[in-house]
Amino acid sequence: WYQRRVAITAGRAMSDEDVIIEDEPDVAPSDHPTVLTNNNTPFFWSLVKYVWTFVESNGYLCIIGAVVAYYVYQKSVSYLEQKVKKNRNDVQSNLSAQEQMDRMEAMRRAREKLQAEVDKASAIEAEKIKEREEKQRKEKIEDWERHKRGEGYKSKTKAGPSTLKKDNFNPLMGSGSSGGGFKSSRPSPSRGGGGG
């Protein structure tokens, strides 16, 4: 990109000797960057780029920081658990012997109540299982008796209306029996067509 300037000497008649052509660059080379970069990146992507650059250059510091943070976290959790346990013991030690016994008795009653509910539910479930097994046993006996009489075994599949497809369903005929479905383009012998 060059601009040609013509310098004409003032006060003289124009001739070929008076015209001087100089080639000068339109833009100085220092004004134009060698690598084009987008400086209008969104905040999130610039943050991700900054973090990635930091990890690339200081990876060992990140690893050491993560190990130290994990160690501090473990120590603080165990410290807090001990403190909560100590506070709970302090509250219980402030109670009189009778209050402690009352609390223990209430806990025992609550446990017994929950255990009774679990026992009741398990007894009901065991009864249902027993009834199902008895029903299956009777069905097997009936099947065997039917087989001995020569009537054959009872079908294991459930007999009921099929909801998946209609009885007169043909996938090549379209939906239903309206007749607007697939028509074969193959010539049939009844149509003629000559063939030999």
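Begin by selecting aspartate 143, which has its place in helix H3; helices (H or I, at least four residues) and strands (E, at least two) are DSSP runs, numbered from the N terminus. The model is a predicted one, in which local features need pLDDT of at least 70 and side-chain atom pairs count only at pLDDT 80 or more, while totals for chains, interfaces and linings use all residues. Residues are numbered from 1 along each chain as its sequence is written, and side-chain values use heavy atoms, with hydrogens and water left out.

Is aspartate 143 buried or exposed? With a relative accessible area of 7%, aspartate 143 is buried, where buried means under 20% relative accessible area, exposed means over 50%, and partly exposed lies in between (1.4 Å probe, protein chains only). The side chains of arginine 146 and aspartate 143 meet in a salt bridge, at 2.8 Å from N to O; a salt bridge is a side-chain nitrogen of Lys or Arg within 4 Å of a carboxyl oxygen of Asp or Glu. Side chains of opposite charge can pair when their charged atoms come close. Because arginine 146 and aspartate 143 are three residues apart in helix H3, about one helical turn separates them.

**Stop two: back along helix H3**

Next select glutamate 134 and arginine 137, which both lie in helix H3 (residues 97–149), three residues apart, or about one turn of the helix. Glutamate 134 forms a salt bridge with arginine 137, and their closest N and O atoms are 2.5 Å apart. Glutamate 134 is partly exposed, with a relative accessible area of 32%, and arginine 137 is also partly exposed, with 44%.

Then select arginine 132 and glutamate 125, whose side chains meet in a salt bridge of 3.7 Å, N to O. Arginine 132 counts as partly exposed at 47% relative accessibility, and glutamate 125 counts as partly exposed at 39%. How many salt bridges does a search of the whole structure find? The search finds five.

Move to leucine 47, which is found in helix H1 (residues 43–57) and is partly exposed, with a relative accessible area of 40%. Select Phe43, Tyr50, Val51, Phe54 and Val55 together with Leu47, and you will have the residues that make a nonpolar surface patch of about 620 Å². Patches are made of residues with over 30% relative accessible area and no salt bridge, with like charges joined within 9 Å and nonpolar side chains (Val, Leu, Ile, Met, Phe, Trp, Tyr) within 5 Å.

**Stop four: the aromatic pair**

A search of the whole structure finds one aromatic pair. Phenylalanine 44 and tryptophan 45 form this pair, which is edge-to-face, with 5.0 Å centre to centre and 70 degrees between the planes. Rings of Phe, Tyr and Trp (its six-membered ring) pair if their centres lie within 6.5 Å, and planes under 30 degrees apart count as stacked, over 60 as edge-to-face and the rest as tilted. Tryptophan 45 is exposed, with a relative accessible area of 53%.

**Last stop: the whole protein**

Buried residues make up 3% of the 196 residues in the protein.

Conventions. Areas by Shrake-Rupley, 256 points an atom, 1.4 Å probe, with all protein chains shown as cover.
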